[in-house]
Amino acid sequence: MVRIEIFANQSVQQVITDNLEQIIPGFLYSIVPLIHGRGKKSYKLGTTTWPETNFMLIAYGDDSIEKTVQRVIHYIKTKFPDEGIKLFIMHDIVDIIEKYR
């Protein structure tokens, strides 16, 4: 099992969710709609000085979807290179231990 976390500018939220839903049948996820913070290039605070905000998508799935998610996000990043799209995939520690037994 993998945990998928995607952080990106809210402007690409619909593009990301639409593509993942189309490519991965039954793709289930949760959205944290307003993420404030600081990235490499700028702040995302939702204020007049720093008006942009990010969102976070969290999903869990079988290991089999990992490569597909990576390909989808890579494709979207090529279309929207300045939207701070970041993908993190974490593996279940039990799966890792079983793999190396």
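**Strands, patches and contacts in a predicted chain**

Lys 86 lies in strand E6, which covers residues 86-91. Helices (H or I, at least four residues) and strands (E, at least two) are DSSP runs numbered from the N terminus. This is a predicted model, in which local features need pLDDT of at least 70 and side-chain atom pairs count only at pLDDT 80 or more, while totals for chains, interfaces and linings use all residues. Residues are numbered from 1 along each chain as its sequence is written, and side-chain values use heavy atoms, with hydrogens and water left out.

The chain has six strands and three helices, and along the sequence these elements follow the pattern β-α-β-β-β-β-α-β-α. Taken along the principal axes, the box filled by the C-alpha atoms is roughly 55 × 25 × 20 Å. Of the 101 residues, 30% count as buried; buried means under 20% relative accessible area, exposed over 50%, and partly exposed in between (1.4 Å probe, protein chains only). Contacts (heavy atoms within 4.5 Å) can also be sorted by sequence separation. Among those with a separation of 6 or more, 71% join residues 24 or more positions apart.

Two residues show such contacts in detail. Val 12 sits in the loop between strand E1 (2-9) and helix H1 (13-23). Val 12 counts as buried because its relative accessibility is 1%. Beyond its neighbours within four places in sequence, Val 12 is in contact with Phe 55, Phe 80, Glu 83 and Ile 85. Val 12 and Phe 80 are 68 residues apart along the chain, and their C-alpha atoms are separated by 8.0 Å.

The second residue, Ile 89, belongs to strand E6, the strand that also holds Lys 86. Not counting residues up to four places away in sequence, Ile 89 touches Val 2, Arg 3, Ile 4, Glu 66 and Gln 70. Ile 89 and Gln 14 are 75 residues apart in sequence, and their C-alpha atoms are 20 Å apart in space.

Arg 3, one of the residues touched by Ile 89, also takes part in a salt bridge with Glu 5, at 2.7 Å from N to O. A salt bridge is a side-chain nitrogen of Lys or Arg within 4 Å of a carboxyl oxygen of Asp or Glu. Side chains of opposite charge can pair when their charged atoms come close. Glu 5 counts as buried because its relative accessibility is 14%, whereas Arg 3, at 24%, counts as partly exposed. A search of the whole structure finds one salt bridge.

The chain carries 12 positive and 12 negative side chains, and the centres of the two sets lie 9 Å apart. Here Lys and Arg count as positive and Asp and Glu as negative, without His and the chain ends, and each charge is placed at NZ of Lys, CZ of Arg, CG of Asp or CD of Glu.

The accessible surface comes to about 6,900 Å², of which 55% belongs to carbon and sulfur atoms; such areas come from the Shrake-Rupley method with a 1.4 Å probe, and for residues only the protein chains shown count as cover. Patches are made of residues with over 30% relative accessible area and no salt bridge, joining like charges within 9 Å and nonpolar side chains (Val, Leu, Ile, Met, Phe, Trp, Tyr) within 5 Å. A positive patch on the surface gathers Lys 40, Lys 41, Lys 77 and Lys 86. Lys 86 is partly exposed, with a relative accessible area of 39%. Tyr 43, Leu 45 and Trp 50 make a nonpolar surface patch of about 240 Å².
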